[in-house]
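Please keep the sequence and the structure in view while reading.

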Amino acid sequence: MKCLSCFLLLALVDLALLLGLATNPSHAQNSPQDFLDPHNAARAAVGVGPLAWDDTVASYAQAYADQRAADCALMHSGGQYGENIYWNSGDADAADAVSYWVSEEAYYDYNSNSCIGGECLHYTQVVWRDTMYLGCAKVTCDSGGTFITCNYDPPGNIIGERPY
């Protein structure tokens, strides 16, 4: 009987984990390296130096992501850092968000320093040559889905300047 009780308890714990009831997924965050690696790969591709993780910038990102968990609205924080935001209706991760932002490279025209045929300002923030520090956060929205924000210090996308 004791083993049956243990088995039932383990089954309930497994079910709770599967359903996300035993954790607080709204505060789940990928590791700093999971965010840094794809950022730095995109930067290296255009000859720009790597970013370093900054805990202060990451704390800012987490505080803002926590605010967005209730509605998952794609609204910028309006803070002191450069910022990219991302929303997905499923369980997205750092690679998904950064890949989405970097995919905008297709719309960036270096010669005219402008976006042609689509959005490219997320991409130019990722590769902005003067940006040195990165901090990101991920939350699961109350209604489901994922909100990810990355903040950049110093910010990029200065009008009239090229990113690299």
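In this predicted model, Tyr 64 is buried, and Phe 147 is buried as well. Their two rings form an aromatic pair of the edge-to-face kind, with 6.3 Å from centre to centre and 65 degrees between the planes. The pair links distant parts of the chain, since Tyr 64 belongs to helix 3 (residues 55-68) and Phe 147 to strand 6 (residues 146-153), 83 residues apart. In total, the structure holds 8 aromatic pairs.

Another of these contacts involves Tyr 108 and Tyr 123, whose ring centres are 6.3 Å apart and whose planes meet at 50 degrees, so the pair is tilted. Planes over 60 degrees apart would count as edge-to-face, and those under 30 degrees as stacked. Because Tyr 108 is placed in strand 3 (residues 108-109) and Tyr 123 in helix 5 (residues 121-126), the pair ties together parts that are 15 residues apart in sequence. Tyr 108 counts as buried at 11% relative accessibility, and Tyr 123 is buried with a relative accessible area of 1%; the cut-off for a buried residue is under 20%. Both tyrosines also belong to one aromatic cluster, which is formed by Tyr 108, Tyr 110, Tyr 123 and Tyr 164.

Most residues other than glycine have a negative phi, and most peptide bonds are trans.

| Residue | Phi | Relative accessible area |
|---|---|---|
| Cys 72 | near 55 degrees | 7% |
| Asn 113 | near 50 degrees | 22% |

Cys 72 is found in the loop between helix 3 and strand 2 (82-88), and with its relative accessible area of 7% this cysteine is buried. Asn 113, by contrast, is partly exposed, and its place is in the loop between strand 3 and strand 4 (114-115).

Where is the cis peptide bond? The bond in question runs from Asp 153 to Pro 154, with omega near -10 degrees, and Pro 154 lies in the segment after strand 6, the strand that also holds Phe 147.

Key
Residues are numbered from 1 along each chain as its sequence is written. This is a predicted model: local features need pLDDT of at least 70, side-chain atom pairs count only at pLDDT 80 or more; totals for chains, interfaces and linings use all residues. Side-chain values use heavy atoms; hydrogens and water are left out. Rings of Phe, Tyr and Trp (its six-membered ring) pair if their centres lie within 6.5 Å; planes under 30 degrees apart count as stacked, over 60 as edge-to-face and the rest as tilted. Helices (H or I, at least four residues) and strands (E, at least two) are DSSP runs, numbered from the N terminus. Buried means under 20% relative accessible area, exposed over 50%, partly exposed in between (1.4 Å probe, protein chains only).
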